[in-house]
Amino acid sequence: MSAAKTKGVAIVTGCAQGIGKAIALRLVDDGLDVAISDLPTKQDQLEAIASVIRRKGRRAIVVSGDVTVEKDVAAIVNKTVEELGQLDVVSHKVPTEHWVQLAHVPLDDCECRTLLAEAPP
């Protein structure tokens, strides 16, 4: 099945389970393609989620990394843009004290949007 025209591309961190997973699936249902990320030890869970997303007709890539490590954050962003062509939304579901600057992107260069997602029952 080929993917429908995307409404955008999102990175979702902390995506292997729980709220991060719910956010990724909601964004997909809303028409976005996603780069899903979590720690490398959660690769199998991420691959399973990516399979679900692809069956929904959206593009999904798995980009494992540790968001407390700046080079990992840069790799997540770079791989997303390289493979999915753009970056419109970042959903960061990791405790904020563990976040490094998102590849030093000036906010003036970003269109900021707030998305509210309801967790599935």
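Analyst: Helices (H or I, at least four residues) and strands (E, at least two) are DSSP runs numbered from the N terminus. This is a predicted model, in which local features need pLDDT of at least 70, side-chain atom pairs count only at pLDDT 80 or more, and totals for chains, interfaces and linings use all residues. Residues are numbered from 1 along each chain as its sequence is written, and side-chain values use heavy atoms, leaving out hydrogens and water.

User: Which residues of α3 are buried?

Analyst: They are Asp72, Val73, Ile76, Val77, Thr80 and Leu84. Their arc around the axis, taken from the directions to the C-beta atoms, is only 135°, so they lie on the same side of α3. On the other side of α3, Lys71 and Glu82 are exposed.

User: And what comes just after α3?

Analyst: Glycine 85, with a positive phi of about 90°.

User: Changing topic, how many residues has the largest nonpolar core?

Analyst: It has 19 residues, and Leu27, Val34, Ile36 and Ile53 have the most contacts inside it. Such a core is a set of buried Ala, Val, Leu, Ile, Met, Phe, Trp, Tyr and Cys residues joined through side-chain atoms within 4.5 Å.

User: Which element gives the largest share of this core?

Analyst: That is α1, with 5 residues. A second, separate core of 10 residues includes Val9, Ala35, Val73 and Leu84.

How values were computed:
Buried means under 20% relative accessible area, exposed over 50%, partly exposed in between (1.4 Å probe, protein chains only).
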